[in-house]
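Hello,

Here is the structure I promised to send over. Have a look at it first, and then read on for my notes.

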Amino acid sequence: MKIKTWLLLSYFLVMILPVIATYVLFLFIQGYNDELKVKEHVETVAEIASLKKLLADPALYKPNSNWNKIQQAVDSNESVVLLNKDGIVIFASHSSVASTFMNYGKEQLYDGLYELQQGYRSYTYRQPVFIQDEIVGFFDIQIPREQWVKGVANRAILIGGGLIIMFVLVYAMVIILLNKKLLRPLHMLMHDMNKFAAEETVEERSTKPDEMGILTKQFYAMRRQINMARDTAKQEQQAKEFIVASVSHDLKTPLTSIKAYAESLVYEKNIEANEQQEYLHIIMEKTDFLKAMLDDLLTYTMLHSAEHSMDFVSVEGEEFFDMLISDYEALCKQKGVVLHVDLQITGEYKVDPNQMIRVMDNLVSNAISHTAPNGRIWLGAMSDDLPDWTYSFVQESLDCRKKEQGALLIVQNEGKGIDAELLPHVFEPFYQKNEARNKSELQKTGLGLSIAKQIIEKHGGWITIFSQENVGTCVVCMLPKTKER
């Protein structure tokens with residue numbers, strides 16, 4: 001039961017209990033009154049009849065009459081009042097009763113004569129006394145209802161006691177439920193929040209489907225999100241520190257070379273013309289490497305920025321991918337590599353053309369650098385299944401992804417391949433398979449695959465790499481097709 005429900009229920013019980021108790025008391029008294037009504041009425045009529053015989057004597061209404069016989073006949077709990085014909089009290093068995101007749105007028109005096117009137121505490125009977133059809137006075141008799149009043153009082157005490165007990169039980173129940181459903185879960189939640197604020201381990205507890213349970217679940221969800229954000233921020237900080245260290249290291253070597261060759265050109269006098277050209281060529285080569293590294297670093301940082309967004313445009317698949325993969329024949333020929341191009345694609349796609357060109361340049365550049373002279377490179381863009389020329393280990397691994405609606409962009413090359421233990425790290429920034437290559441291959445900055453992965457994922461696709469030693473490597477990118485309206 002939710003907190004709101006049982007609070008409303010407890011409030012309803014507290015409000016309805018007095019009404020129920022009053023109604024029960026009314027029924028209790030009504031039943032008791034019906035039980036005593038006949039018996040009490042008969043006894044009262046008999047008592048009044050015996051007193052009427054005594055009080056009907058006209059001599060009792062004369063001044064200075066002897067009223068001792070009345071005093072003796074009247075019970076101590078009963079009261080008798082004698083009035084003259086003008087309504088003035090001439091005798092009262094109890095002085096306190098006589099005072100109630102002081103303000104009686106003629107109308108009140110004659111009202112209710114010969115009627116047995118039932119009050120809460122007593123029966124009242126009033127009657128005139130005559131001498132030859134002339135009123136000489138009145139007598140008023142009051143018979144107390146002691147048994148009835150006592151019974152009502154006992155029943156009121158019983159109902160009141162029951163009501164108090166019920167209130168105590170409801171109050172205790174509300175306190176117990178309040179502690180169980182609100183206070184204790186709230187204290188436990190505050191304890192967990194304090195532990196989380198102190199960066200201590202918080203163990204998640206099972207929760208109930210009430211408001212506090214929902215609040216606790218939301219806190220746990222928020223805690224997980226904050227922990228994920230902390231881990232992400234920590235990883236990003238470590239990545240930034242690693243990038244700074246890597247960039248510093250990679251910039252230091254070419255800068256040192258540039259400085260050394262520049263100093264040689266400036267300070268050495270006997271340098272032959274062919275050596276000067278070689279030094280200048282090395283300086284230009286190192287400068288190009290520095291420029292490529294700074295360009296890749298700028299792109300990598302830009303792609304990580306939350307403010308950066310792709311400039312997507314809708315393109316026709318066959319036309320765009322034909323342009324994308326058909327401009328590398330001259331570069332491969334220059335490097336002595338055989339290039340095979342395969343295009344089997346349909347549909348429309350949303351892409352950022354400049355960024356996709358960057359992806360393709362990085363992938364082809366990597367493939368060329370890892371392919372021996374006279375080796376082969378395959379470039380393909382497919383809408384359906386993988387082409388026959390892809391390696392068997394690629395087709396087996398990608399079989400579960402063939403049903404995805406999109407374009408498969410494939411770059412495959414022959415070569416030594418990548419060690420299986422190093423394969424999961426190739427998309428990490430500044431990763432390079434062979435440390436010796438850092439010094440020999442200046443065009444590789446270690447950010448190419450990482451940049452390609454970010455660009456493809458920003459297009460809503462995925463990129464994966466497959467490799468087998470002494471066979472070759474294959475990179476497959478998937479770009480989702482534009483949904484037809």
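Predicted model: local features only at pLDDT ≥ 70, side-chain atom pairs only at ≥ 80, totals over all residues.

Let me start with the five-stranded sheet. The sheet is open, its strands follow the order β2-β1-β5-β4-β3, and the pairing is antiparallel. At the edges sit β2 and β3 (117-118), each of which pairs on one side only.

Strand β1 covers residues 79-84, and six of its six residues are buried. Which residues of β1 are covered on each face? On one side they are S79, V81 and L83, and on the other V80, L82 and N84, all of them buried.

β1 has partners that you can trace residue by residue. With strand β5 (residues 134-144), β1 forms an antiparallel pair over six bridges, and F138 in β5 is the bridge partner of L83. With strand β2 (residues 89-92), β1 is joined by three bridges, again in the antiparallel sense; here L82 has F91 as its bridge partner. The hairpin of β1 and β2 has four residues between the strands, and G87 in this hairpin takes a positive phi near 85 degrees.

Over at β3, two bridges make an antiparallel pair with strand β4 (residues 122-131). If you want to find that pairing on screen, look for Q118, whose bridge partner in β4 is Y123.

**Two patches on the surface**

One patch is nonpolar: Y23, F26 and L27 come together on the surface, with about 330 Å² of accessible area between them. Y23 belongs to helix α1 (residues 3-55). Why does Y23 count as exposed? Its relative accessibility is 51%, and the cut-off for exposed is over 50%.

The other patch carries negative charge and gathers E316, E318, E319, D322, D327 and E348 on the surface. Helix α8 (residues 317-325) gives the largest share of this patch, three residues. E316 is found in strand β6 (residues 313-316), and E316 is partly exposed because its relative accessible area is 36%.

Helix α13 (residues 448-458) has 11 residues, and eight of them are buried, so the helix is largely enclosed by the rest of the structure. The buried residues in α13 are G448, L449, S450, I451, A452, Q454, I455 and I456. Just after α13 comes G460, with a positive phi of about 85 degrees.

How far apart are the C-alpha atoms of N362 and A452? They are separated by 7.3 Å, although the two residues are 90 apart along the chain. N362 lies in helix α10 (residues 353-369), and N362 counts as buried because its relative accessibility is 14%.

E457 counts as partly exposed, at 43% relative accessibility, and so does K453, at 27%.

How many salt bridges does the structure hold? The total is 10. Among them is the pair of R205 and D192, whose closest N and O atoms are 3.0 Å apart. R205 lies in the loop between α5 (146-197) and α6 (211-267), while D192 lies in helix α5, so this pair ties together parts that are 13 residues apart in sequence. R205 counts as partly exposed, at 28% relative accessibility, whereas D192 counts as buried, at 6%.

A further one is the salt bridge between the side chains of K259 and E263, at 2.3 Å, N to O. Both lie in helix α6, four residues apart, about one turn of the helix. K259 counts as exposed, at 51% relative accessibility, and E263 is partly exposed, with a relative accessible area of 35%.

Happy to go through any of this with you at the screen.

Best wishes

Conventions: Residues numbered from 1 in each chain as written. Heavy atoms only, no water. Buried < 20%, exposed > 50% of the residue type's maximum accessible area, 1.4 Å probe, protein only. Pairing = 2+ DSSP bridges. Patch = residues over 30% accessible without salt bridge, like charges linked within 9 Å, V, L, I, M, F, W, Y side chains within 5 Å. Areas by Shrake-Rupley, 256 points an atom, 1.4 Å probe, with all protein chains shown as cover. Salt bridge = Lys/Arg side-chain N within 4 Å of Asp/Glu carboxyl O. Lys, Arg positive; Asp, Glu negative; His and termini not counted. Charge placed at Lys NZ, Arg CZ, Asp CG, Glu CD.
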